[in-house]
Amino acid sequence: MKVGSFVECIDGKFSSEQLTKLNKTPKEGDYYTIRDIVEYPEYNRVGVRLEEMSNPPIDRNGSPHEPSFGIFRFRELEVSP
């Protein structure tokens, strides 16, 4: 996946704790466009931010940071939806 890739959400399940921090979440079966890819080496994770939605910043290590969604929640599409 890369910035600009079209993706489908394949996992739209979020914990109640996650939902307290997120105003908007991707819905399973809906299509999105990746606008940013964020690596979190300390957690061995990769997150994506989507063109179609944004969330208010949350504190991460003492600075504001827009949350991202785990890349595992999406599958890349060959063509745009």
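Tyr32 is buried, at 6% relative accessibility (buried means under 20% relative accessible area with a 1.4 Å probe, protein chains only). This is a predicted model: local features need pLDDT of at least 70, side-chain atom pairs count only at pLDDT 80 or more, and totals for chains, interfaces and linings use all residues. Residues are numbered from 1 along each chain as its sequence is written, and side-chain values use heavy atoms, with hydrogens and water left out.

**Aromatic pairs**
- The whole structure holds 2 aromatic pairs (ring centres within 6.5 Å; planes over 60 degrees apart count as edge-to-face).
- Phe14 and Phe69 form an edge-to-face pair, with centres 6.0 Å apart and planes at 75 degrees.
- Phe14 lies in the loop between strand E1 (6-9) and H1, and Phe69 in strand E6, so their pair ties together parts 55 residues apart in sequence (strands are DSSP runs of at least two residues, helices of at least four).
- Phe14 is buried at 15% relative accessible area, and Phe69 is buried at 4%.
- Tyr32 and Phe74 also pair edge-to-face, with centres 6.4 Å apart and planes at 85 degrees.
- Tyr32 sits in strand E2 (residues 31-40) and Phe74 in strand E7 (residues 74-76), 42 residues apart.
- Phe74 is buried, at 5% relative accessibility.

**Charge over a ring**
- The charged end of Arg73 sits over the ring of Phe14, 3.9 Å from its centre (the cut-offs are CZ of Arg within 6 Å of the ring centre and within 35 degrees of the ring normal).

Conventions
Phe/Tyr/Trp six-rings, centres within 6.5 Å; stacked < 30°, edge-to-face > 60°. Buried < 20%, exposed > 50% of the residue type's maximum accessible area, 1.4 Å probe, protein only.
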